[in-house]
Amino acid sequence: MCESQVITVCQEVVDSLDNGDRTDAIIIELSKAFDLVPHGRLLTKIAHLGVDSRVVVWIREFLLGRMQRVRVGGHLSEEVRVTSGVPQGSILRPLLFLAYVNDNSRNIKSTIRLFADDCTIYRKIINKEDIEKLQKDLDRLGEWAVENVMKINPSKSKAVCLTRAWVKDPLDYLLANTLIPEVNFLVTFFHSCVHVK
């Protein structure tokens with residue numbers, strides 16, 4: 001899944017570069033995303049996807065009633081109920097997570113691609129209005145993260161301008177009122193390495 005998303009993004013960027021266009025992209029890191037998924041909300045989202053009710057019940061039985069404790073030295077803590085997170089080591093972990101975050105693109109006009117617990121949002125930039133539209137989409141994505149108990153780490157997220165032309169102005173994209181660090185990207189290297197036509 002991640003590999004096909006990477007190929008899709010690379011091909012779209014290469015096509016844009018071939019057309020002489022500029023694409024601004026924001027690579028967003030979600031912090032501890034797999035551990036933060038609330039079980040109740042996940043089950044509601046799965047049900048709203050139209051999944052057969054028997055499968056929803058099976059997933060509920062798989063998730064609910066889990067307990068955990070911690071061993072420090074020779075001492076065990078009291079057991080506590082696990083109310084969030086998709087179980088580690090489970091083959092269902094990535095599928096359940098994707099079902100939970102699949103609606104993060106609602107009301108977003110820019111292209112957004114998921115890579116497990118990270119995502120990339122990008123847009124072709126022709127004028128200042130396109131920059132403003134991408135910023136509005138970042139704002140919407142930030143609102144979605146708050147509503148869905150996901151933590152975006154703006155300082156570990158990156159903004160990149162992909163173009164063959166010289167861009168003198170820095171990228172000033174914000175996420176959660178924090179400036180996203182800009183990274184320089186060697187487009188010539190990118191283009192020669194990932195051209196997959």
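Trainee: Why is arginine 60 called partly exposed?

Mentor: In this predicted model, arginine 60 has a relative accessibility of 34%, and since partly exposed covers the range between under 20% for buried and over 50% for exposed, arginine 60 counts as partly exposed.

Trainee: What makes glutamate 61 exposed?

Mentor: Glutamate 61 has a relative accessible area of 53%, and because exposed means over 50%, glutamate 61 is called exposed.

Trainee: How do you know that arginine 60 forms a salt bridge with glutamate 61?

Mentor: The closest N and O atoms of arginine 60 and glutamate 61 are 3.4 Å apart, and because a salt bridge asks for a side-chain nitrogen of Lys or Arg within 4 Å of a carboxyl oxygen of Asp or Glu, the pair qualifies as a salt bridge. The structure holds twelve salt bridges.

Trainee: What makes the pair of glutamate 147 and arginine 106 a tie between parts of the chain?

Mentor: Glutamate 147 forms a salt bridge with arginine 106, with the closest N and O atoms 2.3 Å apart. Glutamate 147 belongs to helix α6 (residues 128-147), whereas arginine 106 sits in the loop between α5 and β6 (111-115), so the pair ties together parts that are 41 residues apart in sequence. Glutamate 147 and arginine 106 also take part, with Lys45 and Asp103, in a network of salt bridges.

Trainee: Are glutamate 147 and arginine 106 buried, exposed or partly exposed, and why?

Mentor: Because partly exposed is what falls between under 20% for buried and over 50% for exposed, glutamate 147 is partly exposed at a relative accessible area of 44%, and arginine 106 is partly exposed at 38%. Another salt bridge joins aspartate 130 and arginine 123, whose closest N and O atoms are 3.7 Å apart, and there both aspartate 130 and arginine 123 are buried.

Trainee: Why is α3 called roughly perpendicular to α5?

Mentor: Helix α3 (residues 39-48) and helix α5 (residues 93-101) pack at an angle of about 80°, with their axes 9 Å apart. Because angles of 65 to 115 degrees count as roughly perpendicular, α3 is described as roughly perpendicular to α5.

Trainee: Which residues of α3 and α5 meet, and how do they divide by kind?

Mentor: From α3 come Arg41, Leu42, Lys45 and Ile46, and they meet Leu96, Ala99 and Tyr100 in α5. The residues of this contact of α3 with α5 divide into five nonpolar, no polar and two charged.

Trainee: How do you know that the buried residues of α3 lie on the same side of the helix?

Mentor: The buried residues of α3 are His39, Leu42, Leu43, Lys45 and Ile46. They cover an arc of only 160° around the axis, which puts them on the same side of α3. Among the elements that cover these buried residues of α3 are α4 (53-63), α5 and α6.

Trainee: What do the buried residues of α5 pack against?

Mentor: In α5 the buried residues are Arg93, Leu96, Phe97, Ala99, Tyr100 and Val101, and they pack against β1 (22-31), α2 (33-36), α3, α4, β6 and α6.

Trainee: Why does asparagine 153 count as buried?

Mentor: Asparagine 153 lies in the loop between β8 (151-152) and β9 (158-162). Its relative accessibility is 17%, and because buried means under 20%, asparagine 153 counts as buried. Leaving aside neighbours within four places in sequence, asparagine 153 is in contact with Glu29 and Ser31.

Terms used: Residues numbered from 1 in each chain as written. Predicted model: local features only at pLDDT ≥ 70, side-chain atom pairs only at ≥ 80, totals over all residues. Heavy atoms only, no water. Helix = DSSP H or I, 4+ residues; strand = E, 2+ residues; numbered from the N terminus. Buried < 20%, exposed > 50% of the residue type's maximum accessible area, 1.4 Å probe, protein only. Contact = heavy atoms within 4.5 Å. Axes fitted to C-alpha atoms, helices over the stretch in contact; angles between N-to-C directions. Parallel < 35°, antiparallel > 145°, perpendicular 65-115°, else oblique. Nonpolar A, V, L, I, M, F, W, Y, C, P; charged D, E, K, R; others polar. Arc of directions from axis to C-beta.
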